[in-house]
Amino acid sequence: MSAQPTEAPPKSPTALAIASFLRHNPQLKMRQGVLNGKRQEFFRSKRALRALQSDEYAKAQKKKGSLLPPIASEEDAIRVFKELPLNSLAIRVEKLTRKTIEAKRAASPQAQLPPMSALSKVKGVPTLSFVREQVVSSDDDIYYVWIWERVHWTAYLYAGLIAAAIFTIVLFPLWPPVLRQGVWYLSMGMLGLLAAFFGMAIVRLILFAITYFAIPPGLWIFPNLFEDVGFVDSFIPLYAWNVKPEKKKKKKKTTATVTAVTEEEVAAMDKRESKS
């Protein structure tokens with residue numbers, strides 16, 4: 001007998017009500033993170049506990065027909081928040097940095113950790129990883145990521161617009177000749193832009209290959225062209241050498257020189273005091 005796929009258990013109505021209250025709550029101050037190669041919104045659990053103990057939650061809980069459970073203390077807020085991971089609506093995560101990965105590899109060499117190259121290169125968008133222990137507390141280093149999205153009314157609007165667009169395309173033979181000619185010119189323009197993009201990518205690769213052997217370490221035109229940045233930032237800067245600056249080592253050197261100078265100054269001050 002072939003094994004039948006198991007369906008996910010239904011979400012608790014109470015948990016869905018809690019998630020609907022917290023999902024786009026401004027008190028959570030949600031940020032963007034990269035989880036399994038995708039952008040996800042994450043937040044601190046302490047901010048969620050504050051939102052659950054706020055006056056806004058108390059007013060929403062007292063409304064007629066509300067499924068939000070009452071909260072009188074921080075222990076009640078923790079109990080209510082635990083409904084989210086229990087119903088797979090929000091899961092605890094942690095930030096991954098070079099230091100955390102190196103520390104985990106030193107503690108457990110067999111641990112499955114992403115390579116250093118997989119870390120996010122976008123400033124302010126850290127790389128996230130799931131954590132087995134689903135702890136809820138008011139600590140600063142406890143993070144949770146949303147894996148549930150409330151269906152907004154705009155989703156139904158977009159679905160209707162897509163259906164209308166498909167229906168309009170199906171009726172393309174019935175369009176007036178002027179509209180059909182305009183669509184043809186527009187499609188040619190889009191193909192021209194696409195060809196220009198691929199041509200630019202090929203030219204920058206050829207130039208890098210030539211400069212890599214002629215004047216190493218090589219020159220990139222539009223180095224952020226394929227990075228995870230905005231459209232305008234993809235073309236900034238115009239060119240850059242294929243060099244990775246070592247900022248951490250420079251900081252260590254500067255701090256070492258500063259401490260050396262201060263020690264010499266202290267020694268000189270001691271000598272002056274002893275002479276006097």
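## Helix packing and the nonpolar core

Helices α1 and α2 are roughly perpendicular to each other (that label covers angles of 65 to 115 degrees; under 35 is roughly parallel, over 145 roughly antiparallel, the rest oblique). Their axes, lines fitted to C-alpha atoms over the stretch in contact, come within 11 Å and cross at roughly 100°. Angles run from 0 to 180 degrees between N-to-C directions. Helix α1 brings I18, F21 and L22 to the contact, and α2 brings A48, A51 and L52. Contact here means heavy atoms within 4.5 Å. By class, this contact has six nonpolar residues, no polar and no charged ones. Nonpolar covers Ala, Val, Leu, Ile, Met, Phe, Trp, Tyr, Cys and Pro; charged covers Asp, Glu, Lys and Arg; the others, Gly among them, are polar.

This is a predicted model, in which local features need pLDDT of at least 70, side-chain atom pairs count only at pLDDT 80 or more, and totals for chains, interfaces and linings use all residues. Residues are numbered from 1 along each chain as its sequence is written, and side-chain values use heavy atoms, with hydrogens and water left out.

The chain has nine helices and seven strands. These are DSSP runs, numbered from the N terminus: helices are H or I with at least four residues, strands E with at least two. pLDDT is the predictor's confidence in each residue, from 0 to 100.

| Helix | Residues | Mean pLDDT |
|---|---|---|
| α3 | 55–62 | 93, the highest among the elements |
| α9 | 247–275 | 51, the lowest among the elements |

Over the chain, mean pLDDT is 81. Over residues 252–261, pLDDT stays under 50, and the model has zero contacts there beyond four places in sequence.

Which residues of the largest nonpolar core touch the most other members? They are L22, L52, F81, L84 and W146, out of 27 residues. A nonpolar core is a set of buried Ala, Val, Leu, Ile, Met, Phe, Trp, Tyr and Cys residues joined through side-chain atoms within 4.5 Å. Buried means under 20% relative accessible area, exposed over 50%, partly exposed in between (1.4 Å probe, protein chains only). Helix α1 gives this core its largest share, six residues. Beyond four places in sequence, L84 contacts A15, I18, A19, L22, L89, A90 and W146.

N87 lies in the loop between α5 and β3. N87 is buried, at 13% relative accessible area. Its contacts, beyond four places in sequence, are P10, K11, S12 and A15.
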